Amino acid sequence: MEVTISDSGQLSMTIPLLIRGKRFALKSCTITDGPFLEGLFADPVSMKTFADGNVRTPAETQKRIADVWLPRFEHGQPHGPFIIWNEETEQPYPVGFIVAGTSEYPGFSELAYIISPAYWGQGIASSATQAIVTLWGQYVRQKGLEGDERCTVFLGQVLRGFVATASPSNPGSWRVLEKAGLEKMTTTLNGKALPTLEIEQTSLMGLRGDTLWQAYEEHVLSQLALARDRGACKEDMFVTSTPDGHKVSMQVSERFGRLKLCYRKLLE
């Protein structure tokens, strides 16, 4: 990983990647990445399972870049977004975006990414996520432990680990997070046990692929509503079972207004 800090204190980071024999790189976002991000965030296919699922206007994306992301790097803080570049060609070009930002949990960074649909299924998301967890995460944690205040931006604490969420109807994203070492949460971060939502799944029998997982997500939401009408499962987060028998934790995200699986990883 290459880290550069200019005389003005601006941080620049590059993480080279080799993905299935091809050269890629994660590079900290700059103002010149605006047009690519505007297109990515305006694409309904790319945004379907990201955040609240809604596309962003170019103006909204520009504001996010100028007001939130770029100032982080300008102040020497590491938790801005990276652009994923394909460097196999004479003229490198961007294929995705990944960010390890702040989260609602002290000491934890929240991971999120978008890959351009033309590059799905090529291992790019998995490799980028693993690089952030193993290389970026350890660098930022070590700097924080050494007393670098620019690396204690996780609600005032040194980086302790990562959290992430994934749509229940997007098992491909589950695999990306799990390959990076994140685990499905079965307790809260402070160890508190989660309530269990028992759901009847006979209505899902016979369904396969995307149809199954989309129906499963809708089914969990309807069963959760019934449980809460009975006064049960009122916690923000709960544990339930997937159609293939795995125990998973979920929450109805107030920020995104949709159901999310919850993942975490502690750094050693």
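A residue is called buried when its relative accessible area is under 20%, exposed when that area is over 50%, and partly exposed in between, using a 1.4 Å probe and protein chains only. The model is predicted, so local features need pLDDT of at least 70 and side-chain atom pairs count only at pLDDT 80 or more, whereas totals for chains, interfaces and linings use all residues. Residues are numbered from 1 along each chain as its sequence is written, and side-chain values use heavy atoms, with hydrogens and water left out.

**Exercise 1. Describe helix 6, its buried residues and its surroundings.**

Step 1. Helices (H or I, at least four residues) and strands (E, at least two) are DSSP runs, numbered from the N terminus. Helix 6 covers residues 209-229, which is 21 residues, and reaches 31 Å from its first C-alpha to its last. The expected span is 1.5 Å times one less than the number of residues, and for helix 6 the reach is close to the expected 30 Å.

Step 2. The buried residues of this helix are Leu212, Trp213, Tyr216, Glu217, His219, Val220, Gln223, Leu224 and Ala227.

Step 3. With contact taken as heavy atoms within 4.5 Å, these buried residues pack against helix 5 (171-179) and against strand 9 (237-241), strand 10 (247-253) and strand 11 (258-266).

Step 4. Just after helix 6, Gly231 takes a positive phi of about 90 degrees.

**Exercise 2. Determine how many disulfides are present, and the state of Cys233 and Cys262.**

Step 1. A disulfide is a pair of cysteine sulfur atoms within 2.5 Å, and by this rule the count is zero.

Step 2. Cys233 is in no disulfide, as its nearest cysteine sulfur, that of Cys262, lies 12 Å away. Cys262 is likewise in no disulfide, the nearest cysteine sulfur being that of Cys233 at 12 Å.

Step 3. Cys233 is buried at 9% relative accessibility, and Cys262 is buried at 3%.

**Exercise 3. Count the salt bridges and examine the pair Asp67 and Lys63 together with two further pairs.**

Step 1. A salt bridge is a side-chain nitrogen of Lys or Arg within 4 Å of a carboxyl oxygen of Asp or Glu, and the structure holds six.

Step 2. Asp67 and Lys63 form one of them, with the closest N and O atoms 2.7 Å apart. Because they are four residues apart in helix 3 (residues 58-74), about one helical turn separates them. Asp67 is partly exposed at 45%, whereas Lys63 is exposed at 54%.

Step 3. Arg150, partly exposed at 31%, pairs with Asp148 at 3.1 Å between the closest N and O atoms. Lys184 meets Glu178 at 2.4 Å, N to O, and Glu178 is partly exposed at 35%.
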